[in-house]
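Please read these notes with the model open beside you.

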Amino acid sequence: MGELLRIDMSDLSVTREPVPTEWHKYSGRALTDAIIYRDVPADTDPLGPANELVFSPGVLAGTNAPNGGRLSIGAKSPLTGGIKESNSGGQAAHGLARIGISALVISRMPEDPAARYMITIEADGSVKFDRVDEWAGVGNYDLAAAIKKLRPEDDRYSTITNGPAGEMLSRASGIAVSDPKGYPNRFAGRGGLGAVMGSKGVKAIVISDKGLSSVEHADKEEFVAATRRFAEGIKSHPVSGQGLPMYGTNVLMNILSEAGGLPTRNFSAGTFESADDIGGERQRDIILERGGNVSHGCQTGCVIKCSRYWVDAEGEYVTKGPEYETAWSMGADCGIKDLDQIAALDRAAGDLGLDTIEMGAALAVVMDSGKLAFGDAEGALAMLKSGLSGDGDGRLLWDGAEAIGTKLGVEHLPVVKHQAMPAYDPRSVQGIGVTYATTTQGADHTAGYTITSNILGVGGSVDPLSPEGQVVLSRNLQIATAMLDSLGLCIFVAFPVLDLPEVFTAIHEMMTAHTGEKWDAADLMQLGREVLTMERLFNEGAGFTAADDRLPGWMKTAELPPHNVVFTVTDADLDSVYDFVPETAKEMGLQ
Amino acid sequence: MKVTVALFAYLSAFQPDGLGGRAPRTFDLAEGTAIAEVIASLGLPDQPRIVFVNGRHAEETVALSEADRLAIFPPVAGG
């Protein structure tokens, strides 16, 4: 294990300590949770000095483990008021791991709220602070360019940056992480962690791992053999080996529309008449026509390569993806039918540092109020950018769908724990409804991605229109996801893991060979349960009750066309999802 | 009976008119034709599929009815 690097922003002091022995099995989400759970009073002000912003690579980062370089960022969320783990791709996790950092903890805050700092961690582990007040208000793309000018030409580095939205403490702001080409286009989007970064005066973190080799293994030969089996398994599965590389995540647009689960015009219907115009197939055709790249990995070591760059009619880079979540939120949910318009909204959100799921959902709520028309992409883009002025509805938009929707008096707000729902309507995809309601993260799809069985037939089949089987499905996926997030593995390895037992086996074989400690399937699932237990207990301390584990009431009465269904999983069933917490808490000595 | 058939992602290449694309085509089928028979006649690759009839998942043994919409996807996913 590496070390815990703690930076106190009130005096720029740096402390290093080894990861405590009781956390030796923790990395990624498990470690960000453990640190937040121990250090941050659950009732603290998320934008105050006692909150901490924790960055942790998984234990497999910095190695040749396929798809092992995801970054977990944790804090108390200014949006949900609960514990948050926001997960991103990009290169930063590999960099931190190679330098030997298991967790980077940013604590306290500068006395001067106008202060902006760039924190640079060099390959030898040294930490440098630069005052960069002149970068206040600079967007992520110009920021990445400015940082590049400062780095040696032959450097190998990644960036973690905060756009103006986070500096302005917006509750829908996220944190940008650079991809292998240096674009700041991977995103820890959900839950307003950009605001936490902004409250601590951190504008940028630069991580240079130039000249460093991969992290060493306890048993190199066995590790290499296990990674080979893992990679083969991922490539052999039709989803991770064929569908995702070819079309990227936005291939979901047509299938969700067919299933009647694509939230359209602020969750008023489950089918969008123009889904095909903004889906992954059309996206791929256009990018190819324009000579753009249609498959690359967001991090080195990725064998799925689901990402692509959107280019304009002249073939110039605009943004990555857009991902399905963004093509949905800025597309179907807003009644917008043009990928160039969606890409412009995506680029603007990315540059400002805003969560595209929350922003699309918020713009759709604005459209529902009548303040903008559905389909008015120009008006949406103008309103999104107007937040920069710092006041009015534009700035309130940056606090999320519930904030702007409440002010405009919109009845149908699609939020749980104050966070907007992603691209699946819970009335016609009831499994994801259970996840949205019960996950500690607020309405979140990745936390327990039941779309696998509800829609895609992966890991079995559970009818999306019925309440049957959804609790077991969501619970198992929430536990498995918490585990994968804690190993730094990309969640898309879940597709082969769910269908091919040898792929799951390869994971604990890699863990055992790398760490020198025995890991088996039961250990991995216990890790997932421990992660969720810490999160549930923190949220209890923050004042959450069963009343917060519910979908908005209107989703139990407003029928969603075309299937004309409502959410029917019972409250008692929702309250049973976390039934493992008391026993796990006892095993952990937490209660 | 008349049934509309839409094929998505790389399956769109298997539309009998050879024009590709995801637009649904109208098929004239004998009463009680099963989904599996339509799939066989299209020559779709032998791999897992996601099959919808009128927006609901359907087993391939199911017999189609007049005015049904059949939609078939290859294994796809996202997030």
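**Notes on the two-chain model**

1. Start at the end of a helix. H8(A) is followed by A:Gly260, whose phi is positive, near 75°. Helices (H or I, at least four residues) and strands (E, at least two) are DSSP runs, numbered from the N terminus. This is a predicted model, in which local features need pLDDT of at least 70 and side-chain atom pairs count only at pLDDT 80 or more, while totals for chains, interfaces and linings use all residues. Residues are numbered from 1 along each chain as its sequence is written, and chains are lettered from A and ligands numbered from 1 in the order in which they are written.

2. H8 spans residues 252-259 of chain A, and eight of its eight residues are buried. A residue is buried if 20 or more other C-beta atoms lie within 10 Å of its own, exposed if 12 or fewer, and partly exposed in between; C-beta atoms are placed from the backbone. Among the buried residues of H8(A) are A:Leu252, A:Ile255 and A:Glu258. What covers them? The cover includes helices H9 (280-289) and H10 (324-329) of chain A, and strands E3 (50-53) and E5 (69-73) of chain B.

3. Now chain B. One helix and five strands make up its elements. From the N terminus on, they run β-β-α-β-β-β. The radius of gyration of chain B is 12 Å, close to the 12 Å that the globule rule gives for 79 residues, so chain B is as compact as a globular protein of that length. That radius is taken over C-alpha atoms, and the rule is 2.2 Å times the number of residues to the power 0.38. Buried residues make up 29% of the 79 residues in chain B.

4. How many residues of chain B are in contact with chain A? There are 19, and they are in contact with 33 residues of chain A. Two residues are in contact if their C-beta atoms, placed from the backbone, lie within 7 Å. E3, strand E4 (56-57) and E5 of chain B each supply at least two residues of this side. By class, the side has twelve nonpolar, five polar and two charged residues. Ala, Val, Leu, Ile, Met, Phe, Trp, Tyr, Cys and Pro count as nonpolar, Asp, Glu, Lys and Arg as charged, and the others, Gly among them, as polar.

5. Look along E3(B). B:Ile50 and B:Phe52 point to one face and are buried. E3(B) runs antiparallel to E5(B), joined by four bridges, and B:Ile50 stands opposite B:Phe73 in E5(B). Two bridges join E3(B) to E4(B), also antiparallel. Strands pair if DSSP finds at least two bridges between them. B:Val53 has B:Arg56 as its bridge partner in E4(B). In this hairpin, with two residues between the strands, B:Asn54 takes a positive phi near 50°.

6. Back in chain A, helices H12 (residues 356-369) and H13 (residues 377-386) pack at an angle of about 115°, with their axes 11 Å apart. Axes are lines fitted to C-alpha atoms, for helices over the stretch in contact, and angles run from 0 to 180 degrees between N-to-C directions. A:Met359, A:Leu363 and A:Val366 in H12(A) meet A:Ala380, A:Met383 and A:Leu384 in H13(A). The residues of this contact divide into six nonpolar, no polar and no charged.
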